[in-house]
Amino acid sequence: MLANFLPALNQADVHQAAQLIQQAYLPAHAHVSSDDQRRLQQELFDIQRRPEAWGLVIPFLENPDPNVQFFGAHTAQVKIARDWDSFPQENASQLRDLMLELTSYCILSGRNKVILRKLFVAIASLALKLAPGSSSQWPDWIVSSVKFLSSRGSASEHLLDYLSIVAEEVESADLLGPAKMQMQQSLLDASPMVVQAIMSSITQSREQMKTQELQSALKCLQAWMPVLRGSDITPLIPLLIALLTPSPPEADFDESVFVPASDAIQELTSRSSLAGGAGISTLTDPLLVWLDAWGSRILQSSLSSGFVDGVSHSLCKLVVALGDHSNTYFASNITSPVTVAITPQTRSHLVQSFLRLLLGYTGLPGYYGIDEEESEMTLGFWYLLQESLWSADYNSQDEEDENAPPKVEEREKDQWAVVTAVFGELVHVLRRKIVWPEKSVLSGWAKDQVDKFQVYRRDVGDTLLNAYYILRNDMLGYYLNDLQVRLTSRRDGDGWEEIEASLHCIMSVQEGVPLDDNPHLRQLFGSEVLGCLPTTGSDRVRRTMLGLLGTYSSWFTTQSITSTPTSSPSLLMNAVSYVAAALPEPSLCCSAANALRDLCDANRLALAPHISAFAELHAGLISIPDTEKSKVLQSISSVIQALPPEEEIPPIQAIVSPVVEKLTQVLHSSSQLPEEARAMAIVQLQTLSGVAKGLTRTSDTLLILDETPEEHAEAERLHRARGDFRMVKLRDDMFAAVRNTTNLWSTDASVSDALSDFFRSITSLPSDTTLLSLPAGPILELICIACQRQLTAVWLSLASMLVIQLDPPTLFSSSTLKSGPDAEAQGVIANALPSLLQTSLTMLGQPKTMESNPDIVQGFFSCMDTVAKHFIVAFYKLPLGALDALMQCAIRSLSLQERYSLAAACTFLATLIRLTASSDELNDASTALIQVHGRPIMHAILCGFAGVAPRSAAPNLIELLSMVALKYPAETRAWMNDILFADDFIPSKANQDAKKAFVQAVVGSRSPKRTREAAQQFTLIARGLEGSSFGYATVSM
C-alpha cells in the first residue's frame, strides 16, 4: 500500500520491533521474568511514542503474527488519539484513506476481531479529529466509511461491528459545545442506514440467519440505542420479541438467538428513548403478552430440570429489566379490567402473570449462590413496586363515571387485596429462601459460598422491609404464627433452621415497626416464643435471637414498668436474662454483649430498679472473655446512669476500681512480660472506655435551650457527687494509671488507639459531665507528651477535641454574646501550643515528610484551625519566630498534591487571617502578619491555580483567595499583578490577557461568587483545559 506521507523505516528496524513484541507476548517466551516483561513493555511504549512509529503500522498489520498485527493496529489508534497535534495536517485526508484501506484489507484477510476492533476505534478517533468544524474534512463520515468498506466486500457482520464502535466512541468523546453537537448530529444522520442494516440482519429466516451476524446486529442496536429516535426503535420491537420465540414453536429455545435478543430488549428498557416507563403500548404490553405465553414454559423447564440454563437466566434478566422499566404501570394496572389491543387478555391478567413469573424466579428451589444465581436479581423490583404502589393512579386506565365514588372505593379494595396477596406470597417465599441448610450440607460449602449466602440474607432483609410497609402487622402475625406452629410441632432432634429463618425475617423489618405496644412482639418476647428457644447449644438460632433482641431494644420502652425485684419478671427482664445466659459461651459472647449493651442503653430507667441483678452479673464476669467485658460493663454503667448521682457512687466504685487496679498491676509487670502486659492494658483501657460511654446520658444536651429548675438541681447533685472523696480518689487513681500507660506505650499503635477511645469517652463538654469525667487540661498535657514521642494524626485529632472542651459553648446564658475562654484554659493553651508547634514543625520540616504523611499534615492544620477559632490571641503570644515558622509551613503545604492536607492548610490560613483582621485587639498583629506573609500566600495560591496544586483543591484555594482579597483588597491587586506578570511565574497556558482578566475580576468585584468563577476560568486556561468537556465537567464548585 502506498503511504509516502508516513515515515519510512528500514526492514531491520521493523524486524527488531516485531521481535520485541514476540518476546513480550508469545507463549514461547512465557519464561520471561516479570521485570523483563515490564522492561519489554516499556521499550515498546517508548517506540510507540516516537514520530517514526507511524511507519510501523503497515508492516505490522501485514505481519503473519497476530500479536504483531495487534500492536500495529494499536499503534495507529494511539498515534491518532494522543499524538495528533504532531501529525502533518496536510496529510490528514491521505491518512483517512489509508486507514480505510488498511481496515478493508484486514477484514478481507480474516484478521481476528480484536485487531479489527482496534482499527475501527482508530477510524472513529480519526473522524473525531477531522469531522467537526465549519469546514469539515470528513463530512458524512459514517455513511461514506460504511459505503467504502461495503464496496470492498466487507461482510455485514463486520460493518455492524464497526457501527457499534462508532456509536461508542462518539458517545465517550471529550468534545464540547458545537463539536459535540455536530458529532451527535452525524449519528442522527446515519441512524436510518443503521436501522436498515440491523433490520436486514434480524428479519432473515431462521434457516438463513447467521448467528455471528445476528449477534453483531443486536450489539450494534445496543450501542445505538441512546441515539435512535422513538420512531426508529418502535418498528424493531416486534422483530426483537419475535427472535425470543422458538421457531417452530414446538422447538427448543435457541440460546444463541434468545440471549442477544433479550440483551437488546433489556438495553431498550433502560437506555433508549423509551426508558423510564415510556412505550406502554409498543413495549410493555407486547412483552407482557409474550411473557404470559412463553415465560412460564421456560421457568417450568428450569424447575423440572433443576438447572437454570442460559435462556432461563436471560429471561430472568429480561423480566427484571421490564420490572424496573414499568413498575408504575404494574402498580396502576394490577387489577385493571382494560383489555390489551393485541390480545383478549386484560391488563390485570398480564400484570399478575408477570408477578407470578417474577415470584417464580425469586423463589427458585435451592440455595442462592450454590444451586442458583438468579433469585437475588429480582429483589430490587419489590422495592420499586412498593414505592410505585403509594403513588399509583388506579383510575387512570378506566373510563368510569366521575360521580361514582363507591366503585372507586370498591376498586381500591380489590387492588389492595391482590397487592397484599402478592406481597404475602413474597414474604412466604423469601422466608423459605433464607433458611440455612443442615450442618451436614453446610459443612460442604466453601467459605466464599457461606459469605455470599449471608450477604443474600441481608439483601432479602431489605426486601422484607419493603414488604412490611405494605403488609404491616399482618406480616408480623404471619411470622409469629409460623413460629408458634413450628415450636409446637417440634420434636427432639429436629433442627432449628426454619425457626431461625423466621426470627431473621422479624429482625430485618425492625426499622419499619412503629415504636408502639404490639401484641405480636409481646408474644415474641414472652414465654410462647422466647421462652421456648434453646438456652444451650444451637448457636445459630440463639445468635439470631440475640441480634433480634438488640435490634428491638428500643421497643421495650413501650412496655409499662410493672415488674419489681419481687414481682413476676417483665418482658424486658426476660430478654436481659436470655442475653445474660449466653454471655459465658465463647461463640455467643460477642452477640450477647452487643445485645445487652443495646438493651441497657435504651431501657436505663426501666432497669434501674434491678441494679442488684446487674451486681450479680458483674460478680459473674470471671467466665466472660476479657474482649467482651467492656461491652458488659458499658451495659451495667448505662443502668447505673439512671440512678440518682449519689447512688451511682458505690456501683461505679465496684466496677471501675478493679479495672484501674488491674491496669496498675499490668504496668508494674510490663518489664517481665511486655507483650502480655500490653495486650492486657489495651483490654483495661477498652473496659474503662465502655464504662465512660455507658455513664454518658443518651439525651442530646446541645438541643436543650433552657435549663429547668429540675435540671439545675440535678446538675448540683452531680457536682456534689463528683466532689465525694471516693470519686475524687477513683478519678485520681484512674488518671495516674492512664498517665503511666501513655508514658510507657504511647508509641504503640494499638495502645494509642485504645487511649484515643478512652480520652474521647472520659472527657466531655460540661453539659455531659459524669462522675468519671476527667478535665481536658491534664489530658491535653498528656497528648503533648505523646506527640513529643511520636507525632500521629490520632494525637492531633484528640488535641483538637480537647481545645474545644477548654472553650465550650455556653448553653444556659442570658447573654447572646459568648464570653471568651477563662484564664485557666488560656494558661493550658499557652503551654500546649508551643509544645505542639515545636514537635510538629520539627517533623514536618524534614525533607519529603509532608508528602509521605498527609494524615499528620491534615491533623496538624485542623488542630491549628481549632486553636485559632477558640484562642486566636495565643498565636501572637508565641515565642519569637514560632508563628513565622508555622506560616512558612502552611504556605509550603499549599503546593502539596494530597488534597485533604492542602485543604486543611487553606482552611487554617483563612481562619487565621479572618479572625486576626476582625479583632480590634490584634490590629497591629494583623498588619505585621500580612506584611510578612501576605505575598508568599498569594504566590502559593496563584501557582496552585496554574498547575502546582491538584485541581480538586481549587475550591479551597479559591476560599483562601476570597478571604485575602476581602480583608486586604489594595494589597491583593499589587500582589497579583506583581506575581502573575513576573518572568519567573510558573509556566502555564495562560497568556497576558487571561492574567489581566483574572486580576480585574478579583479586585474589581469583592463578590465571592465572582472571584470563584474567575479563579475557575483562570485554572482551566492555565492548565490548557479551556474548551474541553473534561475541563468543565470536572470544575469543582
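This is a predicted model: local features need pLDDT of at least 70, side-chain atom pairs count only at pLDDT 80 or more; totals for chains, interfaces and linings use all residues.
Student: Where does Arg472 lie, and what is its phi?

Tutor: Helices (H or I, at least four residues) and strands (E, at least two) are taken as DSSP runs and numbered from the N terminus. Arg472 sits in the loop between helix 20 (447-471) and helix 21 (473-489), and its phi is near 55°, a positive value in a residue other than glycine. Asp140, which is not a glycine either, has a positive phi of about 35°; this residue is in the loop between helix 6 (113-130) and helix 7 (141-151) and counts as exposed at 54% relative accessibility.

Student: How many helices and strands does the chain have?

Tutor: The chain has 47 helices and zero strands. Its C-alpha trace spans about 100 × 85 × 75 Å along the principal axes, and buried residues make up 51% of its 1037 residues.

Student: Which residues have the most contacts inside the largest nonpolar core?

Tutor: A nonpolar core is a set of buried Ala, Val, Leu, Ile, Met, Phe, Trp, Tyr and Cys residues joined through side-chain atoms within 4.5 Å. The largest such core here has 328 residues, and Trp224, Phe875 and Phe998 are those with the most contacts inside it. A second, separate core has 13 residues, among them Val14, Ala24, Phe60 and Phe71.

Student: At what angle do the axes of helix 12 and helix 13 cross?

Tutor: An axis is a line fitted to C-alpha atoms, for helices over the stretch in contact, and the angle runs from 0 to 180 degrees between N-to-C directions. The axes of helix 12 (residues 236-244) and helix 13 (residues 255-271) cross at roughly 145° and come within 8 Å. On the helix 12 side, Ile237, Leu240, Ile241, Leu243 and Leu244 meet residues of helix 13 that include Val257, Phe258, Ala261 and Leu268. By class, where Ala, Val, Leu, Ile, Met, Phe, Trp, Tyr, Cys and Pro count as nonpolar, Asp, Glu, Lys and Arg as charged, and the others, Gly among them, as polar, the residues of this contact divide into 11 nonpolar, one polar and no charged. In the loop between these two helices lies Pro248, which is joined to Ser247 by a cis peptide bond with omega of about -5°.

Student: Is Lys433 buried or exposed, and which side chain does it join in a polar contact?

Tutor: Lys433 has a relative accessible area of 1%, and is therefore buried; this lysine lies in helix 18 (residues 405-433). A polar contact is a pair of N or O atoms within 3.5 Å; within protein, one must be able to donate a hydrogen and the other to accept it, and residues adjacent in sequence count only if both atoms are side-chain atoms. The side chains of Lys433 and Glu372 are joined by such a contact of 2.7 Å, and a polar atom of the Lys433 side chain also lies 2.7 Å from the backbone oxygen of Leu364.

Student: Is Ile342 buried or exposed, and which residues is it in contact with?

Tutor: Ile342 counts as exposed because its relative accessibility is 56%, and this residue belongs to the loop between helix 15 (310-332) and helix 16 (347-362). Leaving aside neighbours within four places in sequence, Ile342 is in contact with Asp285, Pro286 and Val289. From C-alpha to C-alpha, Ile342 and Pro286 are 7.5 Å apart in space, although 56 residues apart in sequence. Phe330, by contrast, lies in helix 15 and is buried, with a relative accessible area of 1%.

How values were computed: Residues are numbered from 1 along each chain as its sequence is written. Side-chain values use heavy atoms; hydrogens and water are left out. Buried means under 20% relative accessible area, exposed over 50%, partly exposed in between (1.4 Å probe, protein chains only). Contact means heavy atoms within 4.5 Å.
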